[in-house]
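Please look at the structure first.

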Amino acid sequence: MKTAIHVRNLEKWYGKKHVLKGLNLEVKAGEIFGILGPNGAGKTTLIKVLTGQTGAHGDVKVAGVDPIRNPVEVRKKVGIVPESESVPNYLTVEEYLLFVARVRNLPQTRVEEAIMKFHLEDYRRVICRDLSKGTKQRLMFAAALMHDPEVLFLDEPFINLDPVYQRVMRKILEEYIAGGGTIFMATHILEMASRLCTRVGILLDGRVVKIIEDLKNLEEVFLKEVGYA
Amino acid sequence: MLKYFLIEEYRRHLSLAKRYSFFVFPAYVMFFTAVGAVFINDVLSLFNYRQFVSLVMITTFIYGFGVGSFEFLGRSFEGFNLVNTSAILPLSTRKTYLMAYMRDAIYYTLLFILPMYAGLIISLPISGLSVNQVSFFAVTVLLSMFMGYSASYLSFSLYYILKPLYFAFLLAIFAYLIMGYFAKIPFFPVELQITKAPVYFFLSILFIAILFISAYSITPSEFKGQSRERKERFTAYKKYFRDVLLTKEMLDVIRGGILLKSTLTYFLPMILLFIFVRILSGVSNREIYSPISLSVMLSIFSTVVYSWLTIMDDYRYMANLPLASWDIIKTHMVTHVIIVSMVSVPIIVFLNASTLSMMVPSFALFYLNVFYLLSITSYLAGYRVTSMLFDPEIVMKFSLYSVVPGIILTISSLDQGIYSTMIIILTSVSMIAISIFVLKRSRKKWVYFD
């Protein structure tokens, strides 16, 4: 099976803080790979490095592109749903999706498809920053999936969604995987990870310390690894 | 509760720069006031006392109004902070904004008014002024600033009640300032300050209290979650502006009211330009009027527009798209030139109305300096300049790189001799070379959004 994400000896420093310490990881195409870890373990930093949002040192390939050397190029091939909500201050939902479509050179028809798929019809004329947290999250999903990315990066993707939309999103993600996509997801919700993921990696102190393939007892294994069991 | 507002503000500034930077601003204020006070007699020989008091009052009023508007109307763009906690705590918006008012009133007094007063006191042995005179001056500045700051508080409340009322209030204030300065109507604060100081103090305090109480009373206890719907304009704008980022930026400019803010931004510099011409005329003992040097001065002030552009949007979402922060910087630069041209071109044409031969060099040097300042600002500060304002190292570099060529161009263009022309040409060529050099480096430097 093709490799979607390849990471060898990844090092990342923020000033004097050593955040990623020689991290190694391999994610196959078609997988839903979950990355778990306590707060401050480096999950968000890892996603930022893999998506070319911050610099680092190491041998990294995502969808065949080196995000450290070609940070903008890698973002053409991936979709990102970040942890922190960040949407435009003055664009409406429809205008933001039109903007994303233009930046990614997509036909305008994709905008309408995304609006329908993510149930944003009632909000198309609403300024993005006036949306509720959950609707913002759906908008970010829509923007991240519009171009059928090779790899989708999700950072705490379900945290603002109500149970109905958690289910809707899960279904959309399953369709995306069935269509040949790969998901790399950082989450705190162990139940969601065990239900969705094919494999899970535990990130602790800047390194992936364990890869779990049997997700039946994920909670126990996780708590044991982080030293709470 | 005020204590926590004060702590939050202090830590917010610390998050943008080093600890000592917080105290750099009052040190600057103290230093420049002390230096300015030494030349007070020269300044007073150029203006009559009425004009001088009017200028001081108007500039400090606008300063107070400007920082207040930036705080009250700008704070709503920021993420989670104490001002916005009324949504999740049993606190009214009325109360949180009152705390914000008090917090800034304390900080501006401590970090601006007191250092200014200290600067005036330090300069006493050289300036020859008396303690009474500088104290009287400091109180005038304090009252004018608080009048402006309280007016901004009221304007903010009006903005949330009825926008036309807000704009009417703004227009009324500026019309009164302009008419008052040119003595077209009685300008009460000035007349009273000169003739009946105690009445002036009493009425000013009363007026501040009225503005403050009115603002507090009409601030809604809760801001209704207005669903601000807009028609889709992106497609239509795209036809005009072609580039997708520029299209988005122009939509932001129009919806964010940046055109109005930019025009107002020029108001204060225009007053400073006026003072500058008066001082130069006085120093050289003849009426100096150089449209070229005024155009260069205008380009220096135009950099403020760039900072408006960089805080207009929350650009973090751009990091999820195949864009580098350099792409945003380029768009800011183009937008900056468009806006600055809209405001400055009529002014430059007006400045050259009686000397048409100077029109072309005025425009050439104006745009050269705009291009140069944009290159330097974007190289040093990136797509957001907010953090730059709190970093003395960057401010020092910016001052060195930007002000020195600006001064050389301004002074040289006061005279049209061959020697001055040569200096202008040499400076211009150097500025173009430096701009190209830093722009090339910016491309590599500004990739990420963090």
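## Two helices in chain B

Helices α7(B) and α10(B) are roughly parallel (angle under 35 degrees), because their axes cross at roughly 20°. The axes come within 8 Å. They are lines fitted to C-alpha atoms over the stretch in contact, with angles from 0 to 180 degrees between N-to-C directions. α7(B) spans residues 131–161 and α10(B) residues 197–218. Helices are DSSP runs (H or I, at least four residues), numbered from the N terminus.

Contact here means C-beta atoms, placed from the backbone, within 7 Å. Phe146(B), Leu154(B) and Ile161(B) are among the α7(B) residues that meet α10(B). The α10(B) side includes Phe201(B), Leu211(B) and Ile218(B). By class, this contact has 15 nonpolar, 4 polar and no charged residues. Nonpolar means Ala, Val, Leu, Ile, Met, Phe, Trp, Tyr, Cys and Pro; charged means Asp, Glu, Lys and Arg; the others, Gly among them, are polar.

## Basis of the model

The model is predicted: local features need pLDDT of at least 70, side-chain atom pairs need 80 or more, and totals for chains, interfaces and linings use all residues. Residues are numbered from 1 along each chain as its sequence is written, with chains lettered from A and ligands numbered from 1 in the order written.

## Where the chains meet

29 residues of chain A contact 30 residues of chain B. Helix α3(A) gives the most to chain A's side, with 7 residues. That side divides into 15 nonpolar, 7 polar and 7 charged residues.

Methods. Two residues are in contact if their C-beta atoms, placed from the backbone, lie within 7 Å. Angles under 35 degrees count as roughly parallel, over 145 as roughly antiparallel, 65 to 115 as roughly perpendicular and the rest as oblique.
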